[in-house]
Amino acid sequence: MTRGILACFASGALFGVGLAVSSMTDRHVVLGFLDVFGDWNPRLVFVMAAAVAVTAIAYRLILRRPAPAAGGEFHVPKAGAIDARLVAGAAIFGVGWGLAGYCPGPALVAVAAGLRDAWIFLPAMVAGSWIAGRLAR
Amino acid sequence: MNDWAPGIAGGALIGLGAALLLWSVGRIAGISGIASGALEGARGDRAWRIAFLAGMMIAGAAALQFVPLPPPRAQSGPTALLAVAGLLVGFGTRLGSGCTSGHGVCGLARFSKRSLAAVVAFMAFAMAATFVMNHVHLSP
């Protein structure tokens with residue numbers, strides 16, 4: 001189990017450095033991508049394309065294995081219907097993302113880096129998630 | 001600012017992180033779900049989440065500190081706007097079961113139709129929100 005925890009820490013580290021190196025932690029770079037009618041910044045396209053390509057290839061290879069290396073089983077979401085809850089949630093998330101330029105990963109890294117805007121954004125994000133969790137009960 | 005190399009390099013690192021998480025403990029790297037589970041999930045299911053988030057925050061912040069990157073922009077966003085945006089992001093990602101990483105990176109990599117629908121929806125609404133904010137002047 002300890003090996004699994006260390007691997008999780010290392011996974012997070014790779015992920016976090018990736019967000020930093022690609023400037024996804026700079027909300028103005030993200031807003032520059034979303035502002036398609038302004039001074040458009042294509043950065044996010046490269047980030048997403050590379051991340052999806054690497055993940056797609058790796059997932060195919062990994063999911064051929066009988067089980068994860070540190071034991072347990074694979075927790076892969078089952079294919080489900082595209083329902084109102086999914087689309088409404090994504091739309092609400094999109095509005096927030098478009099207003100601030102922060103999504104959850106970059107916001108967490110920006111908080112750790114001591115960036116002021118993220119320190120305002122993150123507590124509100126945690127509260128929003130908690131409210132949605134309560135309503136779903 | 002628009003050069004492609006840091007984007008490709010950063011994206012590849014994100015993909016490697018997602019791959020290592022699935023390979024080692026069989027989990028999908030969806031940050032909103034990992035974070036809400038770390039705060040509110042079952043006790044026995046928290047350690048791996050906390051380890052992942054700690055690695056991401058510590059290494060990410062260290063990279064911002066020590067890797068020569070473009071200097072951070074002014075941190076002067078309107079407080080109310082940032083707070084409302086945070087509420088919407090937290091609420092929406094919980095309701096829609098994922099964010100840019102869970103649906104965007106991992107979901108698209110699994111060719112999930114649900115994730116594709118979510119990505120189309122959040123991209124469209126994000127672009128609309130940014131458009132209204134930057135190009136629609138509501139004041140009389």
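Which residues in α6(B) are buried?

## Helix α6 of chain B

In this predicted model, the buried residues of α6(B) are B:Arg114, B:Ser115, B:Ala118, B:Val119, B:Ala121, B:Phe122, B:Met123, B:Phe125, B:Ala126, B:Ala129 and B:Thr130. Buried here denotes 20 or more other C-beta atoms within 10 Å of the residue's own, with C-beta atoms placed from the backbone. Their cover includes α2 (27–34) and α4 (84–100) of chain A, together with α5 (100–109) of chain B.

Helices are DSSP runs (H or I, at least four residues) numbered from the N terminus. The 23 residues of α6 (residues 113–135) of chain B should span 33 Å at 1.5 Å a residue, and the end C-alpha atoms lie 32 Å apart, which agrees. The expected span is 1.5 Å times one less than the number of residues.

## Nonpolar core

The largest nonpolar core has 95 residues, of which A:Ala107, A:Leu108, A:Val109, A:Phe121, B:Ala18, B:Met56 and B:Phe122 touch the most other members. Helix α1 (residues 5–25) of chain B gives the most to this core, with 11 residues. Such a core is a set of buried Ala, Val, Leu, Ile, Met, Phe, Trp, Tyr and Cys residues joined through C-beta atoms within 7 Å.

## Confidence and conventions

The model scores ipTM 0.97 and pTM 0.96. Residues are numbered from 1 along each chain as its sequence is written, while chains are lettered from A and ligands numbered from 1 in the order in which they are written. As this is a predicted model, local features need pLDDT of at least 70 and side-chain atom pairs count only at pLDDT 80 or more, whereas totals for chains, interfaces and linings use all residues.

Notes
Helices (H or I, at least four residues) and strands (E, at least two) are DSSP runs, numbered from the N terminus. A residue is buried if 20 or more other C-beta atoms lie within 10 Å of its own, exposed if 12 or fewer, and partly exposed in between; C-beta atoms are placed from the backbone. Two residues are in contact if their C-beta atoms, placed from the backbone, lie within 7 Å.
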